[in-house]
Amino acid sequence: MSDLLTCSGIGKSFGGIQALAEVGFSITPGEIYGLIGPNGAGKTTLFNVLTGIYAPDRGSLVFAGAQLAGLKPHEIVRRGIARTFQNIRLFANISALENVMIGRHARTRAGLLGAILRNAATRTEEADSESRALALLDLVGLRERANDAAGNLAYGDQRRLEIARALATEPRLLALDEPAAGMNASETRGLRELLLEIRGRGITLLLIEHDMRLVMNLCDRLLVLDYGVTIAEGAPAAIQGDARVIEAYLGAPAEA
Amino acid sequence: MVLVALALLALPFALAGAGTTWVRVTNLAILFILLSLGLNIVVGFAGLLDLGYIAFYAVGAYVYALLASPHFGIHWPFWVILPLGALVAALFGALLGAPTLKLRGDYLAIVTLGFGEIVRIFLNNLGSPVNITNGPRGIARIDAIRIGELSFARTDSFLGLDFSGPIKYYFLLLAMLVAVIFINLRLQNSRIGRAWEAVREDEIAARAMGIDTTRIKLLAFAMGASFAGVAGGMFAAIQGFISPESFVLVESVMVLSMVVLGGMGNIWGVILGALLLSFVPELLRYTVQPLQQYFFGRMLIDPEVIRMLIFGFALVLVMSFRPGGLWPSAVRKRELAARSEDPA
């Protein structure tokens, strides 16, 4: 099977700090790929490079056969990568429904004239945006909260709303930055169901997560980063026993 | 709805009874509503603070004045010049927007303030060596609007009513106002309006939703500026004379005050703000002097001074007791509520 995303030799530094050095991995269509590592390992930086918020200093990102390095965030969304944020970035003061409808931006066309004249094409598009947004709210279990301001939702609900908003862009790859952060055990179980359901719709998932139980249960493969360097890659079972991973998380064993 | 429409249609004739001045004041108030609604797109919808907005009004006014006055001997009809003024103002809007795309809040305000001053200084100094704007002396004898045989410069009788120049302008302005309100309402509730909201709320998240924030911000600047361009053209036609003096910083601040006082982001609130700030100072102008005469038997304080004093005091009061404006938008209310819950 050909890869959906192939990253190779990605480097990114900020001033003197090397956040990413020579990171490479590839994701095959339909898998759930996990990205783990201690705090400050460069996981979120990698997300920001992937989604165009930062341009990489070196390396290439090939998604569905096309080079992504140097593209702007909105161009990358159009090509089919959507993301959520570690520190939730919803449009807090507007309704949940409108948040998801804003996610339709990349897949809709109405311009200034369409908006003013509200011609047949625009009306159809608006109705379609709304019904798709409502369906996505249904998927994440927030249909009843459609008209509530996003900022008034409970924390776990906000995380799921961010997923719905990202899905509205019709991604082929959905990148989630710590989706289970701040969730209790039952919410996390619900999240797991949701992510499997999303995968069932043919969307590939890339996941940064600290909840190891969730990661080990859910991911097909894992990439472990530490100080911007890949220290391990493979199936969860293999990663769990990897000496370097254990060292990165727990520190080196004391010298006897 | 019908009652409001009838009242608006009858209004100028009632006002004309009290003197043509009041029709003129009303016309100026409508111009300020047009300006406020334009600025509301930039400040209220897209969240971009603009302190130089009056520059676009100036651009529209000068486009009209230069193309319909003896200054160059050009006398184009208004239906060509007004749209042209809107277009030129929109171009200036994009011109201002381009270098400020990465700026927000205070920084953006300073740059737009500078832009407003630059436009005014150009208008002031383009009188020599080649006389384009006639410098500080301004441009006089600007053509009144005429539609076929119907000239807005003279009075016509129709159905037993006297349609004076200002009354004709009133009806033209009213028609424009209806159109502008309609456009605003449509824009607010559209894909473009939602993209503006997204940019205002969180620019990084907006980009992650596939919004080209560069384009959408330039669109807000251009759209807002085009309204000011049309208003400026009407101003030139109504006044018959314009000079750079009409387009000073205080005017930008005034329009911004109307938007903020009325309720940023809420079209009806903004209209209310513009109406109040246009009429209250005028009312004070005519009431302060008689009241002083009545109570003290003589003039203690110059009406002009007390007028601005009361005006300033009213602004302070409204902003302390209703920080979202007199008629805030639902979104703005939520923002303020969230801020008071979380004093960090």
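## Where the chains meet

Chain B brings 26 residues into contact with 28 residues of chain A. Two residues are in contact if their C-beta atoms, placed from the backbone, lie within 7 Å. Four helices of chain B each supply at least two residues of the side that touches chain A: helix 6 (165-188), helix 7 (191-201), helix 8 (203-208) and helix 13 (330-341). Helix 7 of chain B gives the largest share, eight residues. By class, the side of chain B that touches chain A has 13 nonpolar, three polar and ten charged residues. Here Ala, Val, Leu, Ile, Met, Phe, Trp, Tyr, Cys and Pro count as nonpolar, Asp, Glu, Lys and Arg as charged, and the others, Gly among them, as polar.

This is a predicted model, in which local features need pLDDT of at least 70 and side-chain atom pairs count only at pLDDT 80 or more, while totals for chains, interfaces and linings use all residues. Residues are numbered from 1 along each chain as its sequence is written, and chains are lettered from A and ligands numbered from 1 in the order in which they are written.

## Chain A as a whole

Chain A has ten helices and ten strands. Helices (H or I, at least four residues) and strands (E, at least two) are DSSP runs, numbered from the N terminus. The C-alpha trace of chain A spans about 75 × 40 × 40 Å along its principal axes.

Of the 256 residues in chain A, 45% are buried. Buried means that 20 or more other C-beta atoms, placed from the backbone, lie within 10 Å of the residue's own. Among contacts in chain A with a separation of 6 or more, 66% join residues 24 or more positions apart.

## Two domains

Chain A is assigned domain 1 (1-80 + 171-256) and domain 2 (94-162). Such bounds come from an automatic or database domain assignment. The centres of the two domains, taken over C-alpha atoms, are 28 Å apart. Their contact takes eight residues from domain 1 of chain A and six residues from domain 2 of chain A.

On the domain 1 side, helix 2 (73-79) and helix 7 (185-200) of chain A each give two or more residues. Helix 2 of chain A has the largest share, three residues. This side of domain 1 has four nonpolar, two polar and two charged residues.

## A buried strand

Strand 8 (residues 204-208) of chain A is mostly covered, with five of its five residues buried. Side chains in a regular strand alternate between the two faces of the sheet. In strand 8 of chain A, Thr204(A), Leu206(A) and Ile208(A) point one way, and Leu205(A) and Leu207(A) the other way.

Strand 8 of chain A pairs in the parallel sense with strand 3 (residues 32-36) over four bridges. Two strands pair if DSSP finds at least two bridges between them. Ile208(A) is the bridge partner of Leu35(A). Strand 7 (residues 173-177) of chain A also runs parallel to strand 8, over five bridges. There Leu174(A) stands opposite Leu205(A). Strand 7, helix 7 and strand 8 of chain A make a right-handed β-α-β unit. Right-handed means that, with the strands pointing away from the viewer, the path from the first strand over the helix to the second runs clockwise.

## An antiparallel sheet

Four strands of chain A form an open antiparallel sheet in the order 2-1-4-5. Its edges are strand 2 (17-27) and strand 5 (66-67), each pairing on one side only. Two bridges join strand 4 (residues 58-63) to strand 5 of chain A. Val62(A) has Gln67(A) as its bridge partner in strand 5.

Terms used. Buried ≥ 20, exposed ≤ 12 C-beta atoms within 10 Å, placed from the backbone.
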